[in-house]
Amino acid sequence: RGKNYYGESLDLPVGILSKYRLDSVEKCCIVPGDEIRAMLKANITIEGQQISFYSCHLDYLHYECYMPRGYSGVTWEKIEAPVTNEEEVLKANRLSYRDESIRAFINEAQTDIRNGQCVIMGGDFNEPSHLDWQESTKCYWDHNGAAINWDCSVMLQNAGFIDAYRTKYPDPVSHPGFTFPAGNKTAEDAKLEKLAWAADVDERDRIDFIYYHPVNPFVVLEDNVLVGPSETVLKGEIVKNDSKDKFLTTQSRWPTDHKGNLAIFKISRN
């Protein structure tokens, strides 16, 4: 079609695809015991600005945002009662490798930041954001009164990284930004049991993110929308979107049980 794209995965379960040539690409943020979920890092020069892009897919085990909803994040089976104590939930959540992966990323990105490079990182976190689990939302979406400062988002915020979607839409009630589960009607094998795991509760959550560091003033976030089907799965049924979130939908087959993020940045020369 007369277009050239550059891409690389280095045999990882993540990848980077770019219309700009990759200056360099490498595996990084490798966590002992979870080496397969290393991040992919690419340096790309756009309009004279060198940007470090990181692609991630964090550990899916110990998915403990299910605990307040009365499900196990290990077996995906119902438990005796919802667990809403923050300390208990986070203790179980930290048995995953997600916090180690984000800690490794923050350490890796410090070199880029010291060099004045913008850092953009995105992927499937398999963990919600603390910005979505506070007092304003504790009675929504079967949080059952829980307010939880999830580790990964807290660490990134403390390190100066910005959640692109929540910056554009700061109210998690009007714009929850759910990325899982996607109400995917297009894939041939998209049966409900493959799209969602807790059929009798509201398991909707925002677990796919784009973060960036604002060290470079010539790279500015302009917009952020969700990508994929606007429908979601609620208590075992595909239902229409009931939020104010904006979607970029496609008529072609959607390949996953998650929705994606599209963050648009304006990049200027010095």
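Predicted model: local features only at pLDDT ≥ 70, side-chain atom pairs only at ≥ 80, totals over all residues.
Modeller: Local features here need pLDDT of at least 70, side-chain atom pairs count only at pLDDT 80 or more, and totals for chains, interfaces and linings use all residues. Residues are numbered from 1 along each chain as its sequence is written, and side-chain values use heavy atoms, leaving out hydrogens and water.

Colleague: What makes E9 and E13 a pair?

Modeller: Two strands pair if DSSP finds at least two bridges between them, strands being DSSP runs of E with at least two residues, numbered from the N terminus. Strand E9 (residues 219–227) and strand E13 (residues 260–267) have eight bridges in the antiparallel sense, so they qualify as a pair. Val219 stands opposite Ile267 in E13.

Colleague: Why is Leu262 called partly exposed?

Modeller: Buried means under 20% relative accessible area and exposed over 50%, with partly exposed in between (1.4 Å probe, protein chains only). Leu262, in strand E13, has a relative accessible area of 33%, so it is partly exposed.

Colleague: What makes the nonpolar surface patch of about 220 Å²?

Modeller: Leu248, Leu262 and Ile264 make that patch. Patch residues have over 30% relative accessible area and no salt bridge, with nonpolar side chains joined within 5 Å and like charges within 9 Å; a salt bridge is a side-chain nitrogen of Lys or Arg within 4 Å of a carboxyl oxygen of Asp or Glu.

Terms used:
Helix = DSSP H or I, 4+ residues; strand = E, 2+ residues; numbered from the N terminus. Areas by Shrake-Rupley, 256 points an atom, 1.4 Å probe, with all protein chains shown as cover.
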